[in-house]
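Q: Please take a close look at a single part of this structure and describe how it is placed among its surroundings. A connected account, with the criteria behind each term, would be appreciated.

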Amino acid sequence: MGEESLDAIMMAKPVHEMGEELLGAAATLLYQQGDVEAALLAAEVITVELVLWNSGDYEPDDYRAYCTVEPQLVPKFTGAVLGRIETAMCTVLPAAATVVVGSIVVRPVIPKPAPNWRDQLRGVGGPRPTNHARKVRFEAKHPIEDDLHFTNEWEHRVYQVLKEKQAALPDDETIGIMPLCKMRVLGTTREPDFLITYKGRAGVIEVDGPHHEGPKRASNDHSRTRLLINAGVEWVDRLDVRDTTEKAEVQKFVNNFLSRLGRR
């Protein structure tokens, strides 16, 4: 939301257009309060729409928040989680607000069927493969470039720098860029943000958000790194999303990553 306060935004925008700002403030509050589960699930919401549900002369206007998420995530939004998100959304409302968020409804994003959707679902011929290795692609509002899908804008920024680097290298010494390709390692399936090939070696770049902070999460990250390295990945490095706001920082990271990956 930048430097503009939520109060100022609400003065300038109709309530029904405030869903993204309210959800973002609520998720941030939940994270700061230590409710990582609800905060991260709120961050998975693709769109949020506020709809007036009940209006009275002496009571605040009651709005219902309709949130769309990837279909496989719907079961994770339990009643308890939704209650905590709803409470947080009401908490971040300005004190002078005459509205409340009385309920939240989570809906799956509606997939766009392919012309041969019957064959896809029956398994005849199989679906077209994507870099996500998913059987059905949904039209989520994620960044897309070169027919590659990215989880968020931060990964997309890193991809654009990697693509520029790819074009600048000699034809016989360039890099391969594979976003979000699923790979099976010992005991689990991983989906690195980027698998990079360079000079006969494979490396992984992970773009980490604030949920990767803390000793427990750091320990989990190290465990995943060991699994990847044991499976033949030469080098794994992590970029904090806060360092993706400046292109020069991303370029520096990519140059250092490739330099390390290309050592023999």
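A: Cys90 is partly exposed, with a relative accessible area of 30%, whereas Cys67, at 3%, counts as buried. Buried denotes under 20% relative accessible area, exposed over 50%, and partly exposed the range in between, computed with a 1.4 Å probe on protein chains only. The structure holds zero disulfides, a disulfide being a pair of cysteine sulfur atoms within 2.5 Å.

The model is predicted: local features require pLDDT of at least 70, side-chain atom pairs count only at pLDDT 80 or more, and totals for chains, interfaces and linings use all residues. Residues are numbered from 1 along each chain as its sequence is written, and side-chain values use heavy atoms, leaving out hydrogens and water.

The chain has eight helices and eleven strands. These elements are DSSP runs numbered from the N terminus, with helices being H or I of at least four residues and strands being E of at least two. Buried residues make up 39% of the 264 residues in the chain. Of the contacts between residues at least 6 apart in sequence, 57% join residues at least 24 apart, where contact means heavy atoms within 4.5 Å.

Two packed helices are described by the angle between their axes and the distance between the axes. Here axes are lines fitted to C-alpha atoms, for helices over the stretch in contact, and angles run from 0 to 180 degrees between N-to-C directions. Angles under 35 degrees count as roughly parallel, over 145 as roughly antiparallel, 65 to 115 as roughly perpendicular, and the rest as oblique.

Helix α2 (residues 19-32) packs against α4 at an angle of about 110°, their axes being 8 Å apart. The two helices are therefore roughly perpendicular. On the α2 side, Leu22, Leu23, Ala25, Ala26, Leu29 and Leu30 take part, meeting Arg84, Ile85, Ala88, Met89, Thr91 and Val92 of α4. By class, this contact of α2 with α4 has ten nonpolar, one polar and one charged residues. Ala, Val, Leu, Ile, Met, Phe, Trp, Tyr, Cys and Pro count as nonpolar, Asp, Glu, Lys and Arg as charged, and the others, Gly among them, as polar.

With helix α3 (residues 36-43), the axis of α4 (residues 79-92) crosses at roughly 80°, the axes coming within 10 Å. This pair, too, is therefore roughly perpendicular. Glu37, Ala38, Leu41 and Ala42 in α3 meet Val81, Arg84 and Ile85 in α4. That contact has five nonpolar, no polar and two charged residues.

Strand β2 (residues 61-69) is joined to β3 by nine bridges, and the two run parallel. Within this pairing, Asp61 has Val99 of β3 as its bridge partner.

Five bridges join β6 to the antiparallel strand β9 (residues 194-198). Four of the five residues of β6 are buried, so that strand is largely enclosed by the rest of the structure.

How values were computed. Pairing = 2+ DSSP bridges.
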